[in-house]
Amino acid sequence: MNRHILTLVLLLTTIVSACVKDEPFVSPPVIKQVFNTPQSPVAGEAVTITAIVLDREGRPGLRLYYKIDQGSFEAKDMNPVNDSTFTAVIPGLEDGKTVAYYVEARGKTGKKSLAPAGAPATTAAYSVGAPLVVMNEIYSRGTATSPDWIEIYNASDGPADISGFKIYDNGGQSGAKPKKTIPDGTIIPAKGYYVIETEGSGDPSDFGLSSAGETVWLENAKGNVIDEVAFPAMDASQSYGRLPDGSPNWQLLSTITRGQANSGNTPPPTIKIVMNEIYSRGTAAEPDWIEIYNDGNAAVDISGWLIYDNGGQGGTKPKKTIPAGTVIASKGFYVINTEGSGDPSDFGLSSNGETVWLEKPDGAIADQVAFPFMETTQSYGRKPDGSENWQLLNTITKGSTNNNAK
């Protein structure tokens with residue numbers, strides 16, 4: 001009798017467990033951009049703070065935190081312009097006042113994000129009546145004899161003293177190394193330029209700019225971040241700059257103009273990001289993988305893009321997120337292992353074939369591929385790269401141009 005009761009209990013437990021649907025993974029909102037307008041206010045001029053945010057769960061709640069000089073932070077709700085753009089206004093102040101601020105985005109499930117990175121210890125800032133000084137052009141493909149550099153531009157109508165300003169990448173931002181300090185007596189004339197080489201001096205503050213792209217910061221002498229730029233991968237013949245000088249519009253430039261006005265003879269970018277090669281016969285030591293290819297003519301930041309199979313598509317497990325700072329150069333490749341990381345989003349590719357999806361952060365499907373059974377010596381890929389022609393490949397070319405030589 002007891003044995004029958006135990007069997008019944010186990011059966012009911014199994015049925016109840018089978019009826020419980022896995023909770024879908026929920027990521028926090030992604031704050032893509034935060035900026036103030038005007039960039040350099042005059043006395044009494046109100047400033048609008050704008051945040052661009054993406055949230056797959058719907059419109060998030062945003063709050064602005066700001067303080068004047070050494071005061072305490074005040075909180076202010078930001079108003080939605082649409083589902084992804086939010087604004088709040090800071091009243092005008094007298095000359096000489098510095099406003100430090102950051103933004104908090106909170107999703108419907110309570111998960112939150114802060115911007116800029118490191119907030120509230122790190123903030124964005126502006127000074128009333130101060131010259132507008134910004135990073136204007138970046139070159140990351142330097143050599144030992146001609147190092148990487150960042151150009152700083154004074155967009156104001158008078159000279160700007162940038163003595164003691166600091167410039168740095170993730171090492172300086174995290175405190176792992178000193179920030180590079182601009183020498184005393186450095187004055188940029190009105191509408192003028194100052195170029196600082198970020199490596200090659202032998203100083204501990206030297207930092208090479210990643211050829212794959214990264215984030216850099218410019219900080220004023222008071223320790224406030226006055227500019228933050230995430231630059232993409234670039235070819236040796238390109239730089240990344242504002243066009244026109246000092247504007248919010250950044251783009252890859254095919255004419256490098258170190259210390260001079262940026263040139264606009266850059267062709268308009270074409271963007272085409274696709275899955276390009278798939279391997280489903282991995283092992284514990286060499287997991288399954290999917291190769292992503294940039295078939296466009298400009299580098300593309302795919303941070304926050306998602307890749308998944310039926311489990312992610314059905315919501316029974318989280319979709320695998322491509323890490324922040326992932327930039328694919330034009331005609332370049334990025335390979336992501338779909339299993340083996342220990343993360344709940346891991347998914348093994350079926351050796352019998354299945355469908356996989358590549359999704360943009362805004363939820364739009366960038367690519368969808370149904371791949372077939374393949375042997376351990378085969379992959380499934382586009383030939384040529386980026387084309388609509390998929391086929392089984394007898395030469396596995398992980399992270400490089402597809403071919404079918406064997």
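I call a residue buried under 20% relative accessible area, exposed over 50%, and partly exposed in between, using a 1.4 Å probe and protein chains only.

**Entry 1: ground rules.** I am reading a predicted model, where local features need pLDDT of at least 70, side-chain atom pairs count only at pLDDT 80 or more, and totals for chains, interfaces and linings use all residues. Residues are numbered from 1 along each chain as its sequence is written, and side-chain values use heavy atoms, with hydrogens and water left out.

**Entry 2: the whole chain.** I looked up the elements and found three helices and 31 strands. Here helices (H or I, at least four residues) and strands (E, at least two) are DSSP runs, numbered from the N terminus. The C-alpha atoms fill a box of roughly 85 × 60 × 40 Å along the principal axes. Of the 406 residues, 45% are buried.

**Entry 3: strand pairs.** I count two strands as paired if DSSP finds at least two bridges between them. An open sheet has four strands in the order S25-S24-S28-S29, with antiparallel pairing. Its edge strands are S25 (320-321) and S29 (365-372), each pairing on one side only. S24 (residues 306-308) joins S25 over two bridges. There, Leu306 has Thr321 as its bridge partner.

Next I checked S17 (residues 213-219) and S18 (residues 225-232). They pair in the antiparallel sense over seven bridges.

**Entry 4: salt bridges.** My cut-off is a side-chain nitrogen of Lys or Arg within 4 Å of a carboxyl oxygen of Asp or Glu. The search of the whole structure gave 16 salt bridges.

I looked at Lys191 and Asp157, which meet at 3.5 Å, N to O. Lys191 is in the loop between S15 (187-188) and S16 (193-197), and Asp157 in the loop between S11 (149-154) and S12 (160-161), 34 residues apart. Lys191 is partly exposed at 41%; Asp157 is exposed at 71%.

Glu219 and Lys179 came next, with their closest N and O atoms 2.8 Å apart. Glu219 is in S17 and Lys179 in the loop between H2 (170-174) and S14 (180-181), 40 residues apart. Glu219 is buried at 7%, whereas Lys179 is partly exposed at 27%.

Arg382 lies in S30 (residues 379-382) and Asp367 in S29, so the pair ties together parts 15 residues apart in sequence. Arg382 is buried at 2%, and Asp367 is buried at 11%.
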